[in-house]
Amino acid sequence: MSNDDKDAMRRRYYEGAAREQVHRENRDRKEKARKRGELPPRERKTRRRDWEAADDEDLPEREVIPRRRVAEPRRPSGRAEDEVPVEADALVLSVDRDGIRAAWRGRTVKARTTIPLAVGDEVELAEDLGALPRVVGLAPRRSVLARPDPSHPEQEKILAANVDLAICVLSLRRPALRLGLVDRFLVACTRGSVTPALVINKIDLCESAAELEQLDAELDRFRELGVAVFMTSATSGEQVAALRQAIAGQTCVLAGHSGVGKSSLLNALDPQGEHLTGRVREGDGKGRHTTVRSSLVELSDGTRLIDTPGVRAFGLARLVASDLRFYFPDILSAGAACQFNDCLHRVEPHCAVRDQVESGQLSPQRYESYLRLLEDLD
């Protein structure tokens, strides 16, 4: 027998042993769940040889159980009756090509996974003799911040999971302020059940008090929607303490264009950390991708912060034009007075939304953002 044949036999042996270990662990977890009352008790199936002729005499017709059953599709929410509850004991800190980093049993470990995961996911890990721990279960996500995958626009890429607050970070200058991202960001937060907040960073680059007052007034349209707004400088520390107090004890994700200062802001919020920062390009004033993957850090007060790579665009996947108005609460409220229930507020006659824009009751900038998103979804 050649060495290649021996290696193949060893590989098949270890693969079979690994499958058997997975089977035993799943069986043990189900038994524990049944003892806790989380799963119904195991029912004994009647075998063909257990039937006797006398048993059929009193029955008008014996039910025939098919040998093969077509699996029913899983419900979009809830848990199937035979699904084993996940005992999450680890928190995903970062996701790499070869696995994940997770906080587990008071330490940070690397683990293997065959399940697509995101930073912030709560998972169940199991020890594997002679190898890295592996993920054996994923707890249901309470919230997500997602955007279309640049490589596959029809699919969503989850930036962070189980977050309480999503902070859209923009800069006053270098790169230039672009508020158009905010409306897309608010839609993504609403779809993912995340509370949004807005941070305008680098206000130390403001040239005059009048400019700052004008910007503050322009941000009122987001405050009217209940969005918390902060104007900070990671360099000078202005308003950083107020932001730290507002997010204390929560799990937060920082998102925004490259170069707006997300990592610098993270350094200001976490003075004991050392997070890599970078400069914007001198030629066009655009940011560079300093953060290459999402990662989670925990501050001394229990606040969890997730830094994400900069985005060039924040598109919206799996959203149809007719549903867009439901993610603009001000436009949805104004549209209740439209003549047509399916009014898209573009060219339809007797549109109450356009009337309120013309009268100044509704922000023209919000309406323009709505129209731009609507055009993208057509």
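Reader: Which residues does the network of salt bridges link?

Author: In this predicted model, R112, D128 and R134 are joined in a network of salt bridges. A search of the whole structure finds 14 salt bridges.

Reader: Why is the contact of K110 and D98 called a salt bridge?

Author: The N to O distance between the side chains of K110 and D98 is 3.3 Å. The cut-off is 4 Å between a side-chain nitrogen of Lys or Arg and a carboxyl oxygen of Asp or Glu, so the contact qualifies. The pair links distant parts of the chain, 12 residues apart: K110 is in strand 3, and D98 is in the loop between strand 1 and strand 2.

Reader: What makes D98 exposed and K110 partly exposed?

Author: D98 has a relative accessible area of 53%, and exposed means over 50%, so D98 is exposed. K110 has 38%, which lies between the limits of 20% and 50%, and therefore counts as partly exposed.

Reader: How do you know that E122 and R142 form a salt bridge, and what does the pair tie together?

Author: The closest N and O atoms of E122 and R142 are 3.2 Å apart, and the cut-off is 4 Å. E122 lies in strand 4 and R142 in the loop between strand 5 and strand 6, so the pair ties together parts that are 20 residues apart in sequence. E122 is partly exposed at 23% relative accessibility, whereas R142 is exposed at 52%.

Reader: Why is the aromatic pair of F328 and Y370 called edge-to-face?

Author: The planes of F328 and Y370 are 80 degrees apart, and edge-to-face applies over 60 degrees. The distance is 5.5 Å centre to centre, and the limit for a pair is 6.5 Å. F328 lies in the loop between strand 13 and helix 8 and Y370 in helix 10, so the pair ties together parts that are 42 residues apart in sequence. F328 and Y370 are both buried.

Reader: How do you know that C168 is in no disulfide?

Author: The nearest cysteine sulfur, that of C189, is 8.1 Å away, and a disulfide requires sulfur atoms within 2.5 Å. The structure holds 0 disulfides. C168 counts as buried at 1% relative accessibility, and C252 counts as buried at 0%.

Methods: Residues numbered from 1 in each chain as written. Predicted model: local features only at pLDDT ≥ 70, side-chain atom pairs only at ≥ 80, totals over all residues. Heavy atoms only, no water. Buried < 20%, exposed > 50% of the residue type's maximum accessible area, 1.4 Å probe, protein only. Phe/Tyr/Trp six-rings, centres within 6.5 Å; stacked < 30°, edge-to-face > 60°. Helix = DSSP H or I, 4+ residues; strand = E, 2+ residues; numbered from the N terminus.
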